[in-house]
Amino acid sequence: MQVEEFLERSARHFPEKTALVCGSQRFSYAEVDRLSNRFAHALIRCGVRRGDRVAVCLDNCSEAVFAIFAILKAGAVFVMVDHTTKSERLHYILNDCQANTLVLPSDKLESFQELLEHTSHLRTVFIANLKGSLPAGRSRCFISVSEVLETESFGDAAPAKQCIDADLAALIYTSGTTGHPKGVMLTHLNMFSASNSVISYLENNSEDVILNVLRLSYSYGLYQVLTGFHVGGTVILERSVNYPFLLFEKIKKEKVTAFPMVPTIAAMLLQYDLRQHDLSSLRYITTAGAALPQHHARKLRELLPHVKIFIMYGQTECKRISYLPPEQIDIRPNSVGVAIPNEELYVIAEDGRRVGPGVVGELVVRGSHVMKGYWGLPKESERALRPGPVPGEKVLYTGDLFKMDEEGYFYFVSRKDDIIKTRGEKVSPKEIEEVLHAVDGVAEAAVVAIPDEVLGQAIKAVVTLREGAQLTKQEIFRHCAKHLEDFKIPQQVEFRAALPKTPNGKIDRKELRSPVETQA
Amino acid sequence: MEQIEQELRQFVVDNFLFGEGESQLSNEDSFLEKGLVDSMGILTLVNFVQEKYAIAIADEELVPENWDSVRRIATFVQGKLSVTK
């Protein structure tokens, strides 16, 4: 089965049912399908062909959902890019995957103008929420999304299918240790397998109403739409969690049954008096992206005794890896649970042999949800995907150290690399260090994670200055805000006279985590 | 009112714009639309307002109508202060 069929099948079974709610907009399955078809025909007319990459840089809005399904219906590969992404990273991604088409909101046009001029493969830019008139492009064609969606003549029926489930459906960019994002290649089969598995342990069905506050550029957020549509449920897209009171109202009004979140959101919600609100419709809460602190889990269960809490663990490379059955939360509070359905998980030692309970080793994932590799990075792909038990098969080496208990429950120990997990997202210290090195006056910079109650891990930058240079923390923050997505901006900046080094000359990251103020 | 607006503006500029872009920020700019303040930022703002103006804020008052721009917060704070006086 192909991913766009999640929508098409539900549109046949439940044409009049509400599929999508975004703010005051409501769309039935038939409408989402029809609008996605029009958009797909427009893409094809603009030259999008089977296997082409189409980037979508939108926040959580209905156009983003239409774009995803339109791209799939056109036989192409969708590439979600966070809407807070700055020019350099978008430029890198567009060039890396050689996208020929981009979907962009109107208000980003000005800041990305130069980038658009210098992205050689890009032919067409679709503009959502167009304000004013379309820009005149010499080398690029600009098209208004709303005009496409309103134009019946594009065709309301689905374009003829060209793909099979072995074709790529999506590239999802994730932070790598090199500092450059890597495009995780996922086929239709990968996404179908992951969706089915998640649906089966969460027992999703057409009665579910999913409140999605997670960004669609994030695999965890994207899959809320995919699994919601797969079962014929209703997906409510929210742009932000800034106003929890409005979310509580929404849960009551829409009778929300499912509320996926990252621990940072859980921490924030717990600052409100949940008992004051009618949250009786909620069936489950899921958390992923980072470990849910035990007292948060306890508090949620105490305040919402009718709600099942699923603690989960995953990686973009295969979407989901494990889940802790809700009844185990008190028995094994430190565990990330068991393998998801239709998946095998095991721990291996340095020599590649499987190890038994209690022994720490690298976690390996086996199943049809495992990615095909990183786009254009054969070496990195080879490192992550290695031969499995069946000849020709590839299994995923997660780079995460784990151990298993006697009953087959898994426990996260640590990462093998320095990747930071903040607000549930992977952040490469190297990427931030490169941005810091570009600040005039900075001699050396190192970025480390420090524990944080709300964020999971907070980002700390330690900086040394060139002789005579004068920089304030504000200037460092400002520079970071210009060049990095919001969640990558360090929470702390510390100036030091020199960076501590290990005997072999490497930066001693352990030492950097404790504060030493040497300069104002 | 003007003083409150100025104080709030300064807080937003210092904490969310890192001291820059003062001239680019209008007091009517929507924090949500401009992506200026995230959920943690709103809580920071709420704490600042509660302490600075010694007012209590109920959950139901935490809505964009009251918090989504410098001017909206100033109007909201002014309203709360005039009630308590």
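This is a predicted model: local features need pLDDT of at least 70, side-chain atom pairs count only at pLDDT 80 or more; totals for chains, interfaces and linings use all residues.
A:Glu203 is exposed, because 11 other C-beta atoms lie within 10 Å; the classes are buried for 20 or more other C-beta atoms within 10 Å of a residue's own, exposed for 12 or fewer, and partly exposed in between, with C-beta atoms placed from the backbone. The residue sits in the loop between helix H7 (188–202) and strand S10 (209–212) of chain A, where helices (H or I, at least four residues) and strands (E, at least two) are DSSP runs numbered from the N terminus.

Residues are numbered from 1 along each chain as its sequence is written, while chains are lettered from A and ligands numbered from 1 in the order in which they are written. The model scores ipTM 0.79 and pTM 0.88.

A:Lys319 also has a positive phi, of about 75°, although it is not a glycine. A:Lys319 is found in the loop between strand S14 (308–313) and strand S15 (322–324) of chain A. With 26 other C-beta atoms within 10 Å, A:Lys319 is buried. A:Arg366, in strand S18 (residues 361–366) of chain A, counts as partly exposed, with 19 C-beta neighbours inside 10 Å. Not counting residues up to four places away in sequence, A:Arg366 touches A:Glu343, A:Glu344, A:Gly388 and A:Val395; two residues are in contact if their C-beta atoms, placed from the backbone, lie within 7 Å. A distance of 8.5 Å separates the C-alpha atoms of A:Arg366 and A:Tyr346, which are 20 residues apart along the chain.

Chain A as a whole has 15 helices and 27 strands. Its radius of gyration is 23 Å, close to the 24 Å that the globule rule gives for 520 residues, so chain A is as compact as a globular protein of that length. That radius is taken over C-alpha atoms, and the globule rule is 2.2 Å times the number of residues to the power 0.38. The C-alpha trace of chain A spans about 70 × 60 × 55 Å along its principal axes. Of the 520 residues in chain A, 48% are buried. Among contacts in chain A between residues at least 6 apart in sequence, 65% join residues at least 24 apart.

Chain A is divided into domain 1 (29–187), domain 2 (241–415) and domain 3 (420–512), with bounds from an automatic or database domain assignment. The centres of domain 2 and domain 3 of chain A, taken over C-alpha atoms, are 28 Å apart. Their contact takes nine residues from domain 2 of chain A and eight residues from domain 3 of chain A. On the side of domain 2 of chain A that touches domain 3 of chain A, seven residues are nonpolar, two polar and none charged. In this classification Ala, Val, Leu, Ile, Met, Phe, Trp, Tyr, Cys and Pro count as nonpolar, Asp, Glu, Lys and Arg as charged, and the others, Gly among them, as polar.

In soluble globular proteins, nonpolar side chains tend to be buried together. A nonpolar core here is a set of buried Ala, Val, Leu, Ile, Met, Phe, Trp, Tyr and Cys residues joined through C-beta atoms within 7 Å. The largest such core holds 136 residues, of which A:Leu43, A:Val56 and A:Val79 touch the most other members. Helix H3 (residues 62–73) of chain A gives the largest share of this core, nine residues. The core lies between domain 1 (29–187) and domain 2 (241–415) of chain A, because both give residues to it. Leaving aside neighbours within four places in sequence, A:Leu43 is in contact with A:Val48, A:Val54, A:Ala70, A:Ile71, A:Ala74, A:Ala76 and A:Thr101. A second, separate core of 24 residues includes A:Leu436, A:Val447, A:Val448 and A:Cys480.

Chain B has five helices and zero strands. Its radius of gyration is 12 Å, close to the 12 Å that the globule rule gives for 85 residues, so chain B is as compact as a globular protein of that length. Of those 85 residues, 19% count as buried. Chain B averages a pLDDT of 87, and 94% of the residues score at least 70; pLDDT is the predictor's confidence in each residue, from 0 to 100.

The contact between the chains takes 14 residues from chain B and 18 residues from chain A. Helix H3 (residues 39–53) of chain B supplies the largest share of the chain B side, three residues. By class, that side has seven nonpolar, three polar and four charged residues.
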